[in-house]
Amino acid sequence: MQHYRSLADVSIQNTWLTIGVFDGVHRGHQAILHHLAAGAYENGAPAVLLTFDPHPAVVLAGRELKLLTTADERAELAGALGLEAVVTHPFDRAVSEMSARDFMTVLKNRLGLSHLLIGYDFALGKGREGNAGRLTELGRELGYSVEVVNAVSDESGVISSTEIRKLVSVGSVDAAANLLGR
């Protein structure tokens, strides 16, 4: 598995891609990554995760955030799930100001994006304009398909990094481990 530190360092073709911070690489993330790896393998394409460092909330809200995993740990966990590459792109104000169209054009050019898997609540671009509908429109124009993956839930609700951070902060390590899947 290759771990790139910027989109500028990458030139891959025909990728199956997912995007997000993937903090903790919890069971919900694992479902997306398993689906991505299996689909990419079936289609003879590289499976790639694009993640960000620092976390967008740190840049956009200026708040400190205790993460569950470092960028290197996320890359290692993703690689263990069958991905060929992880790109940890620096997140800064310039990235946050990019339109969805501009950002997806960069991904098409750098990664040869052919298929995009996104979570049910995913959005990117300035003002989070790049929701599933908008990304699908852009896909028709730029030449990639979009697939939305539903949330993974258990008896406690939707599995999320935020919920796991809360559990860890109150010492519920066993419950956090259950949601993490390890």
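Modeller: What follows goes from the sheet to the cores, then to one helix and some backbone details. This is a predicted model, so local features need pLDDT of at least 70, side-chain atom pairs count only at pLDDT 80 or more, and totals for chains, interfaces and linings use all residues. Residues are numbered from 1 along each chain as its sequence is written, and side-chain values use heavy atoms, with hydrogens and water left out.

Biologist: What order do the six strands of the sheet have?

Modeller: The order is 1-4-3-2-5-6, in an open sheet with parallel pairing. Strands are DSSP runs (E, at least two residues), helices are H or I runs of at least four, and both are numbered from the N terminus. Two strands pair if DSSP finds at least two bridges between them.

Biologist: Which are the edge strands?

Modeller: Strand 1 (2-4) and strand 6 (145-149), each of which pairs on one side only. Strand 1 pairs with strand 4 (residues 85-90) over three bridges, and His 3 has Val 86 as its bridge partner there.

Biologist: Next topic. Which residues have the most contacts inside the largest nonpolar core?

Modeller: Leu 17, Ile 19, Leu 50, Met 104, Leu 107, Leu 116 and Leu 135, in a core of 26 residues. Such a core is a set of buried Ala, Val, Leu, Ile, Met, Phe, Trp, Tyr and Cys residues joined through side-chain atoms within 4.5 Å. Buried means under 20% relative accessible area, exposed over 50%, and partly exposed in between, with a 1.4 Å probe and protein chains only.

Biologist: Which element gives the most to this core?

Modeller: Helix 5 (100-111), with five residues. A second, separate core of 18 residues includes Phe 22, Ala 40, Leu 49 and Leu 81.

Biologist: And helix 8, which residues are buried there?

Modeller: Ala 176, Leu 179 and Leu 180. They line one face of helix 8, because the buried residues fall within an arc of 100° seen down its axis; the arc is that of the directions from the helix axis to the C-beta atoms.

Biologist: Now the backbone. Where is the cis peptide bond?

Modeller: Between Asp 53 and Pro 54, with omega about 5°. Most peptide bonds are trans, and most residues other than glycine have a negative phi.

Biologist: What is the phi of Asn 14?

Modeller: About 60°, a positive value although Asn 14 is not a glycine. Phe 22 also has a positive phi, near 60°.

Biologist: Is Phe 22 buried or exposed?

Modeller: Phe 22 is buried, at 6% relative accessible area. Asn 14 counts as partly exposed, at 36%.
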